[in-house]
Amino acid sequence: AEVQVNTRTSGAQANAAVAAGAGGGSILVWSSYYSTSGRSNDILARRLDAAGDFLGNEFPVNTATQGNQTEPAVAMDPQGRCAVVWQGPGPVEEDIFLRLFSARGAAATGELLVNLDVAGRQLYPAIAAGGDGTLVVAWESRETTPAGERAVIRAQRFDPNGAGLGATILVDTGTYEGRYPDVAMDAAGRFAVVWMRDRSSHPVFARLFDT
């Protein structure tokens, strides 16, 4: 039967996402609305075992609570380690943040900034994990180009400890805006990104990357 995940019910619960590991356990994340001054949504998470029983109560993911933390996504590697991404207020506009958790649900890092360039708005992150715990995050980046402001799709890889691997990748090289990405990674570390190209027919594009 369906079960209620959230125990906090005083505000709206939205934008849920889920990931599962090789052992059958899973983690669920969502945004939870707070009506206190200067605070909008926080990111909460809760873990399940392979039988569908909760492993403890819900817990906060973000540590900075000012402004609006929203649009969470989550990945779990075969070892059960979890990685959560979301968009929230940065030094200029919205940025993308990442936080890692151990297989037991303990925080392994603080909030990590995903996007190296903080100019413009960074939105709608997606995340995937490979077999060795390598991560890839894809997101929509609203940037100023010679043709004016437009949205492109960017990606960044991370090692299992949250250290960046290489430079930020420009995924979408088209002339139309790229919106709403999603990403998947296989056990070897190859990954695929999909996104919507914002034109009259709204076609969906995909691009594949090696390890």
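**Note on the predicted model: strands, rings and contacts**

1. Serine 31 is found in strand β2, which covers residues 26–33. In this predicted model, serine 31 has a relative accessibility of 1% and therefore counts as buried, the limit for that label being under 20%. Its side chain makes a polar contact, at 3.1 Å, with the side chain of asparagine 15. Leaving aside residues up to four places away in sequence, serine 31 touches Ala12, Gln13, Ala14 and Asn15, then Asn41, Asp42 and Ile43, and also Gln69, Thr70 and Pro72.

2. An open sheet is formed by 4 strands in the order β5-β6-β7-β8, with antiparallel pairing. Its edge strands are β5 (70–76) and β8 (112–113), each of which pairs on one side only. Within this sheet, strand β6 (residues 82–89) and strand β7 (residues 94–101) pair in the antiparallel sense over 8 bridges, and valine 84 stands opposite arginine 99 of β7.

3. The structure holds 5 aromatic pairs. One of them joins tyrosine 124 and tyrosine 180 in an edge-to-face arrangement, with 5.0 Å from centre to centre and 65 degrees between the planes. Tyrosine 124 belongs to strand β9 (residues 121–129) and tyrosine 180 to strand β13 (residues 177–185), so the pair ties together parts that are 56 residues apart in sequence.

4. Phenylalanine 209 is part of strand β15, which covers residues 204–209. With a relative accessible area of 17%, phenylalanine 209 is buried, since the label requires a value under 20%. When residues up to four places away in sequence are not counted, phenylalanine 209 touches Ile169 and Val171, together with Arg190, Phe191 and Val193. Phenylalanine 209 and serine 26 are separated by 183 residues in sequence and, from C-alpha to C-alpha, by 26 Å in space.

How values were computed:
Residues numbered from 1 in each chain as written. Predicted model: local features only at pLDDT ≥ 70, side-chain atom pairs only at ≥ 80, totals over all residues. Heavy atoms only, no water. Helix = DSSP H or I, 4+ residues; strand = E, 2+ residues; numbered from the N terminus. Buried < 20%, exposed > 50% of the residue type's maximum accessible area, 1.4 Å probe, protein only. Contact = heavy atoms within 4.5 Å. Pairing = 2+ DSSP bridges. Polar contact = N/O pair within 3.5 Å; in protein donor to acceptor, adjacent residues only side chain to side chain. Phe/Tyr/Trp six-rings, centres within 6.5 Å; stacked < 30°, edge-to-face > 60°.
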